[in-house]
Structure formats: C-alpha cells, structure tokens
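Please open the model in your viewer and keep the selection tool at hand.

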Amino acid sequence: MTTPPVFSVGQYNTAAYMNSIGLWLVKTQTIGTGVSSVTITGAFTADFDNYKVVISGGTQTSANTLLTAQLRTGSTTSTTGYYYSFIYSPFTGGLLTVNGNNTTGWGFVAHSLGTSGWSASIDILRPYAAVPTSFFGGGARGDLAGMNGGYHSAATSYDQLVLTVGSGTMTGGTIRIYGYRD
Amino acid sequence: MTRPLIQIDDEVREMTEQEYAEYLETTANAPQLGGDE
C-alpha cells in the first residue's frame, strides 16, 4: 500500500489497513515516586524486531540529569559491552562529544529539562534477537541538545529495559515503548 | 542503611544488596557534562 487511505467515521478497516499500522504501543510505564531505577519487563518480544522508546514528563531531584539504559533478561542485567557516542551542542554554541567504550550502560538516552521532565526519543534495534543491539536517539535539556547512538556487543536476547538516573531520583513521567511493524 | 528505591514495572521497593552494588557501578560510570549537578 503506497497511498495511505482516508478513513471515515464508522468505516470498517480491512486487515491490510490494520497490518500497515507502523507503530504499535507495546507498553506504557509510569515512573513511581522517588525512584533511582526503573525496569520495564516485557519491553521487547518476538513480535517486533525494532522499537521506539519515548520518555517524557516527571520531575527530578537533580537538574539536567540523565538516564542510562541497560538491557536485561530474566534476573540478569548486562553491565558490560555498551558502546556509545553522544554528540551535543550547547545553545550558546560549540560542538562536543562524550563517548562510552565498552562501559556499563548507554549514557545520555534521556535528559531532564532542569528538574521538570525527561526528554528522549530513541530507537532500539533488534534487542530481542540473539544478536548485538544498536540504538539511536536524541534529546534536549535546559542548556543543550544532542544526538547519540551506539550498540551493545553481546549476541544475547533481551526482553527488559533498565533505566537508571545519573544523579538523584525521579518521580512521575511516562515511558512508552512502541514496536515498529515488521 | 536505607538503600535507594528501585521500580520493576509497577512495584517500587528498596534495592537489594546486589541491586545496590549494580546501581553504584552504573552511576559511577554515568557520564557528566559541563554544568551538571
């Protein structure tokens, strides 16, 4: 289907239309009160190869803090084999980078706007397949914006996502995980 | 000693010793930018 149809009220959708829906909401997780880490189980399944994760809202006790992401399966969080490059520019100008080379997690997957909410939209590719997982994304905080990407080197299937605050704690906000239709 | 809170899906509780050790390792390696608190 190359031309998207125009739907009308009360119209029945065919299987072809429904099967062309690009993003499917897999899971919504509200962040609790005063937590330092959130684990989302059932984030990744065999239903989708690739995912979009959007993180927004909430408050943070530390201004302009970040979230680090890790992959988890069963009761084991992977704490090695993460590689990433974060390229960012302060709103006052300049271009800088921060890199993680075989480290404990993907840094900068989300940023807080001061203490007033998360900002992140990242794609995670093939986390459930027993192959290396890659990610790409971007976000902004009160004084800069940037993009990052990287991968996790283990050829392991993961079904959970772990998000840890770099400093302080977080309250509220929403993590939404969408599957890209194969 | 009161450990930080961890959330797994909708359950919020205090970290176990192992979870706290992993949390310390993760935050120790968390990158910082200029102006970070």
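Select helix 1 of chain B in this predicted model, where B:Glu19, B:Tyr20, B:Tyr23 and B:Thr26 are buried, that is, under 20% relative accessible area with a 1.4 Å probe and protein chains only, whereas exposed means over 50% and partly exposed lies in between. Helices (H or I, at least four residues) and strands (E, at least two) are DSSP runs numbered from the N terminus. Looking down the axis, you will find the buried residues within an arc of 125 degrees, so they line one face of the helix; the arc is taken from the directions from the helix axis to the C-beta atoms. On the other side, B:Glu17, B:Gln18 and B:Ala28 are exposed.

Next, show what the buried face packs against: strand 2, strand 5 and strand 13 of chain A, together with strand 1 (5-8) and strand 2 (11-14) of chain B.

Now select the contact between the chains (heavy atoms within 4.5 Å), which takes 23 residues from chain B and 38 residues from chain A. Of the area that chain B buries against chain A, 29% is supplied by B:Gln7, B:Pro31 and B:Leu33, more than by any other three residues; buried area is the accessible area (1.4 Å probe) that two parts lose on being put together, summed over both.

Finally, pick A:Lys27 and B:Asp9, which form a salt bridge with their closest N and O atoms 3.0 Å apart, the rule being a side-chain nitrogen of Lys or Arg within 4 Å of a carboxyl oxygen of Asp or Glu. One salt bridge is found across this interface.

Residues are numbered from 1 along each chain as its sequence is written, and chains are lettered from A and ligands numbered from 1 in the order in which they are written. Local features need pLDDT of at least 70 and side-chain atom pairs count only at pLDDT 80 or more, while totals for chains, interfaces and linings use all residues, and side-chain values use heavy atoms, with hydrogens and water left out.
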